[in-house]
Amino acid sequence: MAVASISVNESPLVLYALRRADDALILGHRLSEWCGHAPMMEEDMALANMGLDLIGQARELYSYAGKVEGAGNDEDRLAYLRDVRQYRNLLLVEQPNGDFARTIIRQFLYSAFADLYWREMMTSPDATLAAIAAKSEKESAYHLRHSSEWVIRLGDGTAESHRRAQEALDDLWAFTGELFHADDSDRSLIADGVVIDPERLRSAWSATINNVVQTATLTLPARDWMQKGGRTGHHSEHLGHLLSELQSLQRSFPGATW
Amino acid sequence: MVTAATSDSNLRKVAWAAAAQVADPEIPVLTIEDLGVLRDIAVVDGQVEVTITPTYSGCPAMNMIALEIELALAREGIAKPVVTTVLSPAWTTDWMSDEGRRKLKDYGIAPPQRGGGRRALFGEQQVACPQCGAIDTEVLSEFGSTSCKALWRCKSCREPFDYFKCH
């Protein structure tokens, strides 16, 4: 018998932490889906390792969200007992793995942002967020280096790897606009100087993307229409399927532990 | 008669000596003291409080380490210590002791280079092979058998080896 979803009182700080935690958990889960399926042993370990880093970051952020909310929701309840519409992650991170090129392009687009983002957040006056940022930025540096190297290898590789990488870039590009999303809730934190305005990172992010994409002989899509919705709980059909797997154990056996 | 202060400081010494013996479950030649994971031990009103820090956000060894600390202290008759994990300041390989670096190398893992921190995006670094000492080595994967290690290969003796990566 499944358990009901919890409700969360989303103050700006709670919502902020949940958005970042959901990004990390969902992308971490997607990477973990590669475990045992990657094209070579080294990549099996690399993708699982990065997934582990992201899930670790998610745990810290969920714990903090629960603590700030103060309603008894811990990391497990927040990860496992919210329904799909309560998830606040970027649409980018819930997109299916597809082939290896698609996973790498997704990872690259996210990591290029996360690396800049966490580095800037290290100076947050919120001690917990600053501490999480300081751990995360070291890890995102590896993730960015790894995915950048692969983007170059695939784009500047064979005709087939180039075609697949370009196709993934064309398809996923529309999900990158959300990286710079800020609404009234976030803006109150930005105004107080607690979190940074992601818009500030746009030119540095574009420079990294352009540099790697160019080296990879790939082409950035010309169209600039951007999809949105993830930050407000309007997701693609893929997230529900992902959550049904991620949450099945806790929903079926509430409070289960190893 | 001992004062509360001296007995507290004695208790702290005993607790530290016990906790410092706890080995990393993933790299058993290293103790958590060698790694710099054991951050602090305090005694507050007779209660022992141990502070540890994770090497990586998702390090699966942390729960095991906390449990091992409790067991090690229990063997010294110290019951129910509080083990707290802190993130700040973020752990760095620069905290690894010289003794720890030597033990790692003897175990066949190349120790982390000093002066951790960010490298250039595609920067190269030189890592000596822990088996033959040659510096003609190459990285196979930045991600090794555990979060803290990368997989390298020596082009001189042809052996693959783990490198405890700079962090």
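Predicted model: local features only at pLDDT ≥ 70, side-chain atom pairs only at ≥ 80, totals over all residues.
**Where the two chains meet**

Let's start with the interface. On the chain A side, three residues stand out: Lys135(A), Tyr142(A) and Arg145(A) supply 30% of the area that chain A buries against chain B, more than any other three residues.

Arg145(A) turns up again in the charge pairing. The interface holds one salt bridge by the rule used here, and its partners are Arg145(A) and Glu142(B), with N and O 2.8 Å apart. Besides that, eight residue pairs are in polar contact between chain A and chain B, counting pairs with both residues at pLDDT 80 or more.

**Two domains in chain B**

Chain B is assigned two domains, domain 1 (8-85) and domain 2 (93-164). The contact between them takes 12 residues from domain 1 of chain B and 14 residues from domain 2 of chain B. Their centres, taken over C-alpha atoms, are 27 Å apart.

The two domains of chain B bury about 1100 Å² between them, 68% of it on carbon and sulfur atoms. In domain 1 of chain B, the residues that lose the most area to domain 2 are Ile27(B), Val29(B) and Asp34(B), together 42% of what that side buries.

Asp34(B) also has a charged partner: Lys103(B) forms a salt bridge with Asp34(B), the closest N and O atoms being 2.6 Å apart. The count of salt bridges between the two domains of chain B is one. Two residue pairs are in polar contact between these domains, again with both residues at pLDDT 80 or more. By class, the side of domain 1 of chain B that touches domain 2 has six nonpolar, three polar and three charged residues.

**Salt bridges picked out**

Side chains of opposite charge can pair when their charged atoms come close. Over all chains, a search of the whole structure finds 23 salt bridges. Here are some of them, including one inside chain A.

| Partners | N to O distance |
|---|---|
| Lys103(B) and Asp34(B) | 2.6 Å |
| Arg145(A) and Glu142(B) | 2.8 Å |
| Arg163(A) and Glu160(A) | 3.0 Å |

Why are Glu160(A) and Arg163(A) separated by about one helical turn? Because they are three residues apart in helix H7 (residues 159-172) of chain A.

**The four-stranded sheet of chain B**

Chain B has an open sheet of four strands in the order E4-E7-E6-E5, with mixed pairing. Strand E4 (109-110) and strand E5 (137-141) of chain B stand at the edges with a single partner strand each, so one side of each has no neighbour in the sheet.

E5(B) pairs with strand E6 (residues 149-154) of chain B in the antiparallel sense over four bridges. Along this pair, Thr137(B) stands opposite Cys154(B) in E6(B), and Val139(B) has Trp152(B) in E6(B) as its bridge partner.

On to the next pair: five bridges join E6(B) to strand E7 (residues 160-164) of chain B, and these strands run antiparallel. Here the bridge partner of Leu151(B) is Asp162(B) in E7(B). The hairpin of E6(B) and E7(B) has five residues between the strands, and Arg158(B) in this hairpin takes a positive phi near 70 degrees.

Most residues other than glycine have a negative phi, and most peptide bonds are trans. Besides Arg158(B), with its positive phi near 70 degrees, Lys80(B) has a positive phi of about 45 degrees although it is not a glycine. Lys80(B) is found in the loop between helix H3 (62-75) and E3 of chain B.

Which sense does the peptide bond from Ser88(B) to Pro89(B) have, cis or trans? This bond is cis, with omega near -10 degrees. Pro89(B) is in the loop between strand E3 (82-85) and helix H4 (98-107) of chain B.

Methods. Residues numbered from 1 in each chain as written. Chains lettered and ligands numbered in written order. Heavy atoms only, no water. Domains from an automatic or database assignment. Contact = heavy atoms within 4.5 Å. Buried area = accessible area lost by both parts, 1.4 Å probe. Salt bridge = Lys/Arg side-chain N within 4 Å of Asp/Glu carboxyl O. Polar contact = N/O pair within 3.5 Å; in protein donor to acceptor, adjacent residues only side chain to side chain. Nonpolar A, V, L, I, M, F, W, Y, C, P; charged D, E, K, R; others polar. Pairing = 2+ DSSP bridges. Helix = DSSP H or I, 4+ residues; strand = E, 2+ residues; numbered from the N terminus.
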